[in-house]
Amino acid sequence: MKLANLSLAVLCVAGLSTCSFGADTLANAFKEGKVSGELKAFYWDRDRNPAIPSDSIFNTGVTLNYVTGSLYGFSLGLTGQSNSAPFASANAKTQFGWDEYGSGAQLSEAYLAYNAGKTTVQVGRMFLNTPLIASLGNRIVKESFEGASIVNTDIPNTTLTAAYVQKFQAQTDGAGHIGEFTRYNNPYGTSPLLEDGAYTLVAVNKSITGLTLTAAYAEDINTKGAMAYAEAAYAFSVNALNYGLAAQYYYNDKDITGSKSSDLLGLKASVGYGALSGYVAYSTVSKDATVTPGIGWGADLAYTGTIILSSSYPANTDAYAIGLGYAFTPSTTLNVAYTVTDDDDLSYGKASYVSLTGNYAFSGALKGLNFLVMYDKENRDKAGTKDKDEFRFSASYKF
């Protein structure tokens, strides 16, 4: 399937629907466009690879976004990203070469959008946020995809999404440059994906008060490998207490894992009272193969995953997590979590994690500025293995 053919098809279908009018001329559509952006400064200190000495890196980045006004339902969106790490040592370039060290600029979004009633179509480069195909945005460069998406909300309390992607932009290219649009190198199983593209279908329903039901399916066109995700999340309140119960399920067939089909079941319970919140979570993976949670690092939804280091997806892994959070003010929060993963010594062994997250959002004259601190510590029981830890400080200003 080629993007050009798909683009023509979806726009022809969209053109059959009625659309709302915005600007009356092309010139006015550009004049009515909106500009937004983000300035970023990240400092990371990492000790996780036994073959590479621990090191740190300082990155600066700029994100600029422009979306035109609507003309006959059509609009154009553009987002550029840049990354620079001018003080990185030779060792840091190796240590962070796959996720943070990648200098340069990239046009990460360049899409044509069409809106008709409760249907929105996008074609081109775009950020995606679906359960099985998703862009990770917590690093200096946000991942992106090239393809097309259709979102419809005609059914009451229901959002339907269909998307096709043919290329993926990672944070870096692994060779010191910002990521290019290419195939997706799957870190969990069969690699690579997106040789001939992939598609996903998603349904989210909120018909029952407090209950959100999510179902998603994705298939890699070249391997014919299939992935599926389902979740039921229920939130309710009793007086001053807030409760949450959730269950999730992943499935991969053998063409994704490279061996046998695999699945993951996750359960989570949460409670909150005023500024205090907490949760407990559990997940278990079938014994035959590692689960691939999706395409893109943003497709990582396991309830038991830690903020940086852990993985809940290896074969035969049981994971347990408990977390507490406290909001000192609406703009100042602190979260701590303790997690244990165990794959019964098949490959990784047993590990425990202590995770800390602190966030401060400025107000007043500095509104838009945000500080984020994260620290993750891994201790492994397996003989001959090395403990890991990573510290991250991020400052960002959105305008």
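These exercises walk through a predicted model, each with a worked solution.

The model is predicted, so local features need pLDDT of at least 70 and side-chain atom pairs count only at pLDDT 80 or more, while totals for chains, interfaces and linings use all residues. Residues are numbered from 1 along each chain as its sequence is written, and side-chain values use heavy atoms, with hydrogens and water left out.

**Exercise 1. The overall fold**

Task: Find how many helices and strands the protein has, and compare its radius of gyration with the globule rule.

Solution: 
- Start with the elements, taken as DSSP runs (H or I of at least four residues for helices, E of at least two for strands) and numbered from the N terminus. The protein has four helices and 19 strands.
- Next, the radius of gyration, taken over C-alpha atoms, is set against a rule of 2.2 Å times the number of residues to the power 0.38. The protein comes to 22 Å, close to the 21 Å that the rule gives for 399 residues, so it is as compact as a globular protein of that length.
- The C-alpha atoms fill a box of roughly 65 × 50 × 45 Å along the principal axes.
- Now the surface, computed by the Shrake-Rupley method with a 1.4 Å probe, where for residues only the protein chains shown count as cover. The accessible surface is about 18,800 Å², and carbon and sulfur atoms hold 60% of it.
- For burial, buried means under 20% relative accessible area, exposed over 50%, and partly exposed in between (1.4 Å probe, protein chains only). Of the 399 residues, 44% count as buried.
- Finally, a contact means heavy atoms within 4.5 Å. Among contacts between residues at least 6 apart in sequence, 58% join residues at least 24 apart.

**Exercise 2. Salt bridges around R46**

Task: Work out which residues form salt bridges with R46, and where they lie.

Solution: 
- Apply the rule: a side-chain nitrogen of Lys or Arg within 4 Å of a carboxyl oxygen of Asp or Glu. The count comes to eight salt bridges.
- One partner is D99, with the closest N and O atoms 2.7 Å apart.
- Another partner is E390, at 2.8 Å from N to O. E390 belongs to strand β19 (residues 388–398) and R46 to β1, so this pair ties together parts that are 344 residues apart in sequence.
- Check burial: E390 and R46 are both buried. R46 has 0% relative accessibility, and D99 is buried with a relative accessible area of 0%.
- For another pair, look at E146 and R125, whose side chains meet at 3.9 Å, N to O. E146 is in strand β6 (residues 144–152) and R125 in strand β5 (residues 119–126), 21 residues apart.
- E146 counts as buried at 13% relative accessibility, whereas R125 is partly exposed at 23%.
- Shared partners join R46, R48, D99, E390 and R392 into one network of salt bridges.

**Exercise 3. Aromatic pairs**

Task: Classify the ring pairs F74–Y114 and Y360–F362 as stacked, tilted or edge-to-face.

Solution: 
- Rings of Phe, Tyr and Trp (its six-membered ring) pair if their centres lie within 6.5 Å; planes under 30 degrees apart are stacked, over 60 edge-to-face and the rest tilted. This gives 18 aromatic pairs.
- F74 and Y114 have centres 4.5 Å apart and 50° between the planes, and the pair is tilted. F74 lies in strand β3 (residues 74–84) and Y114 in strand β4, 40 residues apart.
- F74 is partly exposed at 31% relative accessibility, while Y114 is buried at 4%.
- The centres of Y360 and F362 are 4.8 Å apart and their planes stand at 85°, so this pair is edge-to-face.
- Ring pairs also link W98, Y188, Y229, Y250, W297 and Y313 into a cluster.

**Exercise 4. The nonpolar surface patch**

Task: Identify which strands supply at least two residues each to the nonpolar patch.

Solution: 
- Patch residues have over 30% relative accessible area and no salt bridge; like charges are joined within 9 Å, and nonpolar side chains (Val, Leu, Ile, Met, Phe, Trp, Tyr) within 5 Å.
- The members are V280, I322, L324, V336, Y338, V354 and L356, with about 570 Å² of accessible area together.
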